[in-house]
Amino acid sequence: MDTIFEYTRNEIEDMLSSGGYKKFSATQLFGWIYKKKTFDFLLMTNLSKDLREFLNSAFSMEFPVIDKKEISKDSTVKYLYSLKDNSKVEAVLMHHSYGNSICVSSQVGCNMGCAFCASGLKKKTRNLRAAEMVSMILQTEREENEKITHVVIMGTGEPLDNLDEVLKFINIINDPYGLEIGIRHITLSTSGIVPAIYKLSEKNIPINLAISLHAPTDELRTRIMPINKAYPLRDLIKAASDYFDVTGRRITFEYLLLKGINDSLLMADKLADIIRGLNAYVNLIPYNPVKEFKFEASDEKSVMAFYSRLKERGINVTLRKRMGDDISAACGQLRSTVKS
Ligand code: SF4
């Protein structure tokens with residue numbers, strides 16, 4: 001049986017009208033599921049009895065099972081979700097002063113092979129479906145009894161390697177009759193698949209695009225992010241600039257600070273050189289250790305020196321707050337399987 005979470009409101013409208021039902025019922029159905037959190041078709045009293053019975057016989061509402069839940073000292077919550085085929089994916093809920101954000105995965109495993117990332121330790125076995133991403137949000141809201149206001153597609157997987165399902169997911173969670181998560185509250189993070197960035201900009205949906213840059217030279221970037229071999233920096237920076245021209249959305253460049261690797265002032269200058277003039281900002285991320293890798297976090301002095309140099313060079317720069325690192329829920333620490 002098909003899960004109803006797989007469908008956009010437009011798709012449900014088409015389905016209903018071809019079955020002889022009123023199109024408007026799709027909006028009512030969305031309201032029941034995503035606003036009133038009613039997960040039983042038969043209880044949707046403003047739908048006709050006939051429609052309720054049809055929905056009940058044709059669709060399911062599938063939720064992932066919570067295999068494990070860990071709560072960090074800063075109140076970040078990490079979930080290990082088990083999907084229908086027993087695939088495991090993680091999601092992280094973060095509490096901020098401006099709302100609650102969830103970091104969701106887009107694939108089971110990841111093929112991008114970034115040298116510092118635990119998520120890439122397990123190769124991709126499959127893409128996540130839109131319904132699976134949607135149901136992780138619903139399940140988390142249900143579990144916490146809290147409303148999720150922001151979504152970052154930054155967990156395990158490369159979202160632009162699963163673009164169709166990710167776009168569908170964005171459509172469903174942004175729907176004003178559904179979860180109504182503002183389009184500007186949705187961030188997609190990519191390792192830099194250049195043709196897919198262009199494909200995304202053609203859609204002209206003003207989500208935030210975050211590009212994992214992590215190195216300002218091709219030599220270093222290829223060493224720590226193999227994707228750079230296929231799409232070198234010059235092409236990536238051009239794609240970022242074109243994305244801004246089309247969508248008007250400022251790009252975020254994520255930059256993980258790795259001790260002795262990419263955290264020198266020379267690297268800060270090179271970084272300033274390659275992004276100079278772009279409508280973008282740099283988000284410096286403290287590295288979160290992963291036991292399989294030899295990388296270390298930059299010390300505070302180097303972090304602050306790097307930050308100040310970018311500022312002096314006129315670059316907009318922020319320093320990301322560490323969240324959930326005590327439960328391995330921070331950036332680059334998510335996995336598709338549980339390891340002790
Ligand atoms: S950083 Fe992102 S793209 Fe790179 S291996 Fe990890 S999950 Fe994949």
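How many bridges join strand S10 to strand S11, and do they run parallel or antiparallel? Strand S10, residues 186-190, and strand S11, residues 208-212, are joined by 4 bridges, and the two run parallel. Within that pair, serine 189 faces alanine 210 of S11. Keep in mind that this is a predicted model.

Now the whole sheet. The sheet is open and has 10 strands. The order is S3-S4-S5-S6-S9-S10-S11-S12-S13-S14, and the pairing is mixed. S3 and strand S14, residues 316-319, are at the edges. Each has a single partner strand, so one side of each has no neighbour in the sheet. From one strand to the next, the twist averages 20 degrees. Helix H11, residues 300-312, packs on this sheet. H11 touches strand S12 (251-257), strand S13 (280-286) and S14. The direction of H11 makes about 175 degrees with that of S13.

Next, the S3 end. Strand S3, residues 65-71, pairs with S4 in the antiparallel sense, over 6 bridges. Valine 65 has serine 82 in S4 as its bridge partner. The hairpin of S3 and S4 has 5 residues between the strands, and serine 75 there takes a positive phi near 75 degrees.

On to the next pair. S4 and strand S5, residues 88-96, are antiparallel as well, over 6 bridges. Lysine 78 stands opposite valine 92 in S5. This hairpin also has 5 residues between its strands, with asparagine 86 at a positive phi near 75 degrees.

Last, the ligand. Around the ligand are Cys110, Met112, Cys114, Cys117, Ser119, Gly120, Thr156, Gly157, Glu158, Ser191 and Ser212. That shell divides into 4 nonpolar, 6 polar and 1 charged.

Definitions and conventions:
Residues numbered from 1 in each chain as written. Predicted model: local features only at pLDDT ≥ 70, side-chain atom pairs only at ≥ 80, totals over all residues. Pairing = 2+ DSSP bridges. Near = placed C-beta within 6 Å. Nonpolar A, V, L, I, M, F, W, Y, C, P; charged D, E, K, R; others polar. Axes fitted to C-alpha atoms, helices over the stretch in contact; angles between N-to-C directions. Contact = placed C-beta atoms within 7 Å.
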